[in-house]
Amino acid sequence: DTGKPTELNANTVEYDTSSGVITATGNVVMIQESSRISGAQAVYNSKTSEGHITGNVVADKENLHMTANEVFTQGSNMLIANGNVVAHQLDKTISGPRLEYNSDTNYALMPNSGTIVTAEGTITGNRLEAYLQDNHFIAVGNVHITSQTRNIDAYSNNADYYGNDNNKVILTGNAVAMQDNNTLRGEKLTLYLNDTGQAAVK
Amino acid sequence: MKSLKINKNKIAIYGFIIVVIAVCVWAVATKPVPQKKAADDVKNEQTMDYTGNTIVEERNGKKVWELSADNIKMDPQTQKAEMENIHGKYYEENGQILVLTAPHGIYDDKSKNILMDNGVHAQSDDGMVFDAEKVSWDNAAQIFVGEGSIKITKGDMQAQGDRIESSNAFLQFKLSGNAHIVKGRGAN
């Protein structure tokens, strides 16, 4: 999508016609198609469509609203946010030190630990992937799942959560699940989260 | 009868004398006082007018500027030339040529600085188009400064702002004050 208009507004804009690099400083707003990113400073390479925005960055892309210390953009569909990243999308909040988000596929990756909070509960892990469209989350390493609505507390090495249709979570590796006064352990536990708030285990 | 005649003569003589005195007084009273000339009038008289002339400026044997104007009024004391309807060419070191036009401007022969105002339009041979209310060339710093309603376009880039600076005929520039740039298809 190189070539689609990218707009930068700021106190100061410097442009090098030969390298295609734009440097914006002070009250920066960068607009690319449906994304709007504001910060203290931005450098955008119009030849590679790569941008780097720093300083209290706020990024809005369709229904995603994100804040972070810095954001890198690649083209108009790829955002990489670093430092105190908090992203809201509909009923979900994703937070962690780093977030890589592809708006075309609505896929988010938190490679350096993260937490996803939904209306159902919270899932935390060393590495989190979120297929936001399908409400499908994959957590790897030190996984911790809580659900206030179902009074569930669960731990495992890995977890695969399917929110939309089947509403279940598969815990693998040192899995422990506690609900009310029941505790279950195993190498693999599948919690079916039905609408009554109960969890069935297989 | 005779005495009446003498009186008449005397009256005529006295009348004539009075008239002469009155004329002398009037002449003295209304003598035009030489006006002290206003400083500008004095100065204007000293400026030299050129019509349809060109000022050329070189650096190390290379042409840098070529300024022609419908009218150039050079003041030998200040060594500043006021120009009307300017057509200027700036020769960038890389061979690029910037053509500038402006209704009014001032060329300072001492500092080699140039000021163009009242709406400056510039175009370079690589397709850059630039407009500003005022443009100045700082010869010592070798910098262009544009001020007021800056608009610059080149290819799929369009930028606006309050002030612009460039040291290489806008190959690179810095916009400040409400700076806005759009790059990519559909920019302009």
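What is the volume of the largest pocket? In this predicted model, the largest pocket has a volume of about 190 Å³. A search over all chains also finds 11 aromatic pairs in the whole structure. One of these, F137(A) with Y161(A), is stacked.

**The largest pocket**

- The lining of the largest pocket consists of R59(B), N60(B), K62(B), K63(B), V64(B), Y90(B), Y91(B), E92(B), E93(B), Q142(B) and S167(B).
- The most comes from β2(B), which gives three residues.
- Sorted by class, the lining has five charged, three polar and three nonpolar residues.

**A stacked pair in chain A**

- The ring centres of F137(A) and Y161(A) are 5.4 Å apart, with 15° between the planes.
- F137(A) belongs to strand β12 (residues 136-147) and Y161(A) to strand β13 (residues 152-162).
- The pair links distant parts of the chain, as the two residues are 24 residues apart.
- F137(A) counts as buried because its relative accessibility is 1%, under the 20% cut-off.
- Y161(A) has a relative accessible area of 9%, so Y161(A) is buried as well.

**Other aromatic contacts**

- In chain B, one aromatic cluster is formed by W65(B), Y90(B), F130(B), W137(B), F144(B) and F170(B).
- Y90(B) in this cluster is also among the residues that line the largest pocket.
- In chain A, the charged end of K168(A) sits over the ring of Y162(A), at 5.6 Å from the ring centre.

Conventions
Residues numbered from 1 in each chain as written. Chains lettered and ligands numbered in written order. Predicted model: local features only at pLDDT ≥ 70, side-chain atom pairs only at ≥ 80, totals over all residues. Heavy atoms only, no water. Phe/Tyr/Trp six-rings, centres within 6.5 Å; stacked < 30°, edge-to-face > 60°. Helix = DSSP H or I, 4+ residues; strand = E, 2+ residues; numbered from the N terminus. Buried < 20%, exposed > 50% of the residue type's maximum accessible area, 1.4 Å probe, protein only. Lys NZ or Arg CZ within 6 Å of the ring centre and 35° of its normal. 1 Å grid on protein atoms, 1.4 Å probe; cavity = no way out; pocket = protein on both sides within 12 Å on 5 of 7 lines; lining within 4 Å. Points joined across faces, edges and corners; volume = space filled by probe spheres on them. Nonpolar A, V, L, I, M, F, W, Y, C, P; charged D, E, K, R; others polar.
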